[in-house]
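Colleague: Before we look at particular sites, could you take me through how a model of this kind is read?

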Amino acid sequence: MSRWLLLSCCIAVLSAYSFAFGAQTNAPNTYVGSNVCKACHPNIWLTFPRNAHFQSIAIAKQPPELTGCEGCHGPGKAHVDAKGGKATIRAFSVMSQKEALEACLKCHTKDIARTEIRRSSHTQSNIVCSNCHSIHKAATPKLLLAKRQTELCYGCHTNVRSQFAMPFKHRVNEGAIQCSDCHNPHGAPAPAWKMGARPRMVQTAADGEQPCLRCHVDKRGPFVFEHTAVRVDGCETCHNPHGSTNARLLKRPVVFTMCLECHNGAGNFGRSGEGIPTQSASHNMADPKFRNCTTCHVRIHGSNADPQFLR
Ligand code: HEC
Ligand code: HEC
Ligand code: HEC
Ligand code: HEC
Ligand code: HEC
Ligand code: HEC
Ligand code: HEC
Ligand code: HEC
Ligand code: HEC
Ligand code: HEC
C-alpha cells in the first residue's frame with residue numbers, strides 16, 4: 001500500500017514538474033547525442049560499436065544530423081523528455097516504406113543513387129532498404145544484411161531457388177558465386193548492351209559491359225569478327241544464366257534449333273541478311289552432320305581469324 005502511495009506521489013510530483021516546465025516540452029526538438037540513448041536502449045547501444053554506422057559517432061566533427069543514433073532517428077530531445085514513445089522520434093516501425101527509403105537515402109544518395117534505385121523494380125514494388133538490411137539485428141555484420149544473401153533473395157524469389165537446383169547451373173547454392181555477382185539489388189545504370197530492353201537489375205561494370213565477362217574473360221574480346229548475337233543481344237539470348245536442363249546452360253536442348261531462331265533462311269524474317277538456306281548443299285538440315293553447328297562454327301562467341309567463326 002505504501003508503495004502505491006509513494007508511486008502516486010512520484011507521479012504527482014512528476015506531472016507537476018512537467019506542468020511547470022510545460023513550455024520546455026514544446027520547445028523545438030534538438031539533438032542530444034548518442035550517449036543519452038544508452039540508459040534506456042542498452043542492448044542496441046552496446047552492439048553499435050561493431051556497426052559500420054558507428055564511425056559516424058567516432059568522427060566527432062560531424063554535424064549532429066549526421067551523427068550516431070540521431071543520424072537515422074532524427075533529433076532525440078523530445079523523445080528523451082517524454083521518456084520514450086514512438087511518436088516522439090523517427091521510428092521505423094511506424095514509417096511508410098517510402099519514408100524509410102528516404103531516411104536511408106539521406107546519406108546514401110552518392111553511393112546508391114547512381115544505380116538509379118528510385119527506378120529499380122525493387123523500389124517500384126515497395127521493397128526498400130530495411131527489407132534487406134537490418135541495422136540492429138543483422139545476420140551478416142558486414143553489409144548489415146537481414147539474412148545471408150542467398151537466403152535473403154530466395155525468401156522472395158522462390159522460383160529462382162529451383163532454377164539453381166537444375167542439372168546445369170551456376171553454383172550459387174554451393175557458395176561458389178552469389179546473386180550479387182550478376183545483379184545489383186539496388187538497381188542498374190542503363191547498359192550499353194541490350195539497349196531496347198532494360199535488363200533485370202543485372203550488374204553492369206562502369207563501361208556497361210555484361211557482368212558475365214568479369215569471370216568469362218575469354219568471351220570479352222573485342223574480336224576482329226564479332227557475333228552480333230553475343231555483343232548486342234547479350235549472353236542470355238542463348239544461355240539461361242541461372243540454370244538449365246541443357247549442358248552449357250543453353251536455352252535449347254539441341255544447339256541448331258537455337259541458331260535457327262535467327263539464321264532460319266527466311267529472308268528478312270526476324271533479322272536481315274543472316275539467313276542460311278536450310279535445304280542447300282552447304283547447310284542441309286535433313287543431314288544430321290549439319291545439325292551440330294558448333295562442330296564447324298567453333299568460335300561462336302567471336303573470332304579473330306574467320307568471319308564465319310570457323311576457327
Ligand atoms: C543507419 C540507421 C540507424 C542508426 C544509425 C540507428 N538506428 Fe535504430 N533503427 C534503424 C532501423 C532501420 C530500425 C528498424 C529495425 C531494423 O531494421 O533493424 C531501427 C530500430 C530501432 C529501435 C527499435 C527496434 C528494436 O530493435 O528495439 C530502437 C530502440 C533503436 N533503433 C534505437 C537506436 C539507437 C539507440 C541507436 C544508436 C545507438 C540507433 N538506433 C541507431 C536505423 C538506425
Ligand atoms: C528515458 C528512456 C529513453 C531514452 C533516454 C531514450 N529512449 Fe528511445 N524509447 C524508450 C521507450 C520506453 C521506447 C518504447 C516506446 C514504445 O514501444 O511505445 C522507445 C522507443 C524508441 C524508438 C522507437 C522504436 C520503434 O520503431 O518502435 C526509437 C527509434 C528510439 N527509442 C530511439 C532512441 C534514441 C535514438 C535515443 C537517444 C537519442 C533514445 N531512444 C533515448 C525510452 C527511451
Ligand atoms: C547519417 C548518415 C547515414 C544514414 C541516415 C544511413 N547511413 Fe548507412 N552508412 C553511413 C556511413 C557513414 C557508412 C559507412 C560508409 C563506409 O564505410 O564507406 C554507412 C554504411 C552502410 C552500409 C554498409 C555496411 C558495411 O558493412 O559496409 C549499409 C548496408 C548501410 N549503411 C545501410 C543503411 C541503411 C539500410 C540505412 C537506413 C536505415 C542507412 N544506411 C542510413 C551513413 C548513413
Ligand atoms: C533487395 C535487397 C536490398 C535492398 C532493397 C537494398 N539493399 Fe543494400 N545491399 C543488398 C545486398 C545483397 C548487398 C551486398 C552486395 C554485395 O555483396 O556485393 C547490399 C549492399 C549495400 C551496401 C554496401 C555495398 C554497396 O553496394 O555500396 C550499402 C551501403 C547498401 N547496401 C545500402 C542500401 C541502402 C541505403 C538501401 C536503400 C536505399 C539498400 N541498400 C537497399 C541488398 C539490398
Ligand atoms: C522482400 C522481398 C524481396 C527480396 C528480399 C528480394 N527481392 Fe528481388 N524483387 C522483389 C519484387 C516484389 C520484385 C518485383 C516483381 C518481380 O519482378 O518479381 C523483385 C524483382 C527482382 C528482379 C527482377 C527485376 C526486373 O526488372 O525484372 C531481380 C533480378 C531481383 N529482384 C533480384 C533480387 C536479388 C538478387 C535479391 C537479393 C539480394 C532480391 N531480389 C531480394 C522482391 C524481393
Ligand atoms: C550468372 C549470373 C547470375 C546469377 C548468379 C544470378 N542471376 Fe538472376 N538473372 C541473371 C540474368 C542475366 C537475368 C536476366 C535474364 C533474362 O532477361 O533473360 C536474371 C534474371 C533474374 C530475375 C528476373 C527473371 C525471373 O526469372 O524472374 C530474378 C528475379 C533473378 N534473376 C533473381 C536472382 C537471384 C535471387 C539470384 C541468386 C539466388 C540470381 N538471380 C543469381 C543472371 C544471374
Ligand atoms: C563470379 C563469376 C561468374 C560470373 C559473373 C558468371 N559466371 Fe558463368 N561460370 C562461372 C564458373 C566458375 C563456372 C564453372 C561452372 C561451375 O561453377 O560449376 C561457370 C559456368 C558457366 C557456363 C557453363 C560452362 C560449361 O562448361 O558448362 C556458362 C554457359 C556460363 N557460365 C555462362 C555465364 C553467363 C551467361 C553469365 C552472365 C549472365 C555468367 N556465366 C556469369 C563463373 C561466373
Ligand atoms: C549465339 C548464341 C550464344 C550467345 C549469345 C552466347 N553463347 Fe556461350 N555458348 C553458345 C554455345 C552454342 C555454346 C556451346 C558450344 C559448344 O557446343 O561447344 C556456348 C558455350 C559457352 C560456354 C562454355 C564453353 C566455353 O566456350 O567456354 C561459356 C562459358 C559461355 N558459352 C559463355 C557465354 C558468355 C559469357 C556469353 C556472353 C558474353 C555467351 N556465352 C553468349 C552460344 C552462345
Ligand atoms: C539472336 C539471334 C542470333 C542467334 C541465336 C544466332 N545468331 Fe549468328 N548471327 C546473328 C547476327 C545478327 C549475325 C550478323 C549477321 C550479319 O552481319 O549480317 C550473325 C552472324 C553469324 C555468322 C556469320 C555470318 C556471316 O554472314 O558472316 C555465323 C557463322 C553465325 N552467326 C552462326 C551462328 C550459329 C552457329 C548460331 C547458333 C549457335 C547462331 N549464329 C545464333 C544472330 C544470331
Ligand atoms: C560441316 C560444317 C558446318 C556445319 C555443321 C554448319 N556450318 Fe555454317 N558454314 C560452314 C562453312 C564452311 C561456311 C562458310 C562457307 C559457306 O557459306 O558455305 C558456313 C557459313 C555459315 C553462315 C554464313 C552464311 C553466309 O551466307 O554468309 C551461317 C549464318 C552459318 N554457316 C550458320 C550455320 C548454322 C546455323 C548451322 C547449324 C544449323 C551451321 N552453320 C552448321 C560450315 C558449317
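Modeller: A nonpolar core is a set of buried Ala, Val, Leu, Ile, Met, Phe, Trp, Tyr and Cys residues joined through C-beta atoms within 7 Å, where buried means that 20 or more other C-beta atoms lie within 10 Å of the residue's own, exposed 12 or fewer, and partly exposed in between, with C-beta atoms placed from the backbone. This is a predicted model, in which local features need pLDDT of at least 70 and side-chain atom pairs count only at pLDDT 80 or more, while totals for chains, interfaces and linings use all residues. Residues are numbered from 1 along each chain as its sequence is written, and chains are lettered from A and ligands numbered from 1 in the order in which they are written.

Colleague: Which residues form the largest nonpolar core?

Modeller: The five residues of that core are V172, C179, C182, A188 and V202. Contact requires C-beta atoms, placed from the backbone, within 7 Å; leaving aside neighbours within four places in sequence, V172 is in contact with T150, F164, I177, Q178 and C179.

Colleague: Which residues come nearest to ligand 7?

Modeller: A residue counts as near a molecule if its C-beta atom, placed from the backbone, lies within 6 Å; of the 17 residues around ligand 7, D181, C212, C215, C235 and P241 come nearest. Helices are DSSP runs of H or I with at least four residues, numbered from the N terminus, and helix 13 gives the most to this shell, with three residues.

Colleague: Why is R118 classed as exposed?

Modeller: R118 is exposed because 12 other C-beta atoms lie within 10 Å.

Technical notes: Helix = DSSP H or I, 4+ residues; strand = E, 2+ residues; numbered from the N terminus. Contact = placed C-beta atoms within 7 Å.
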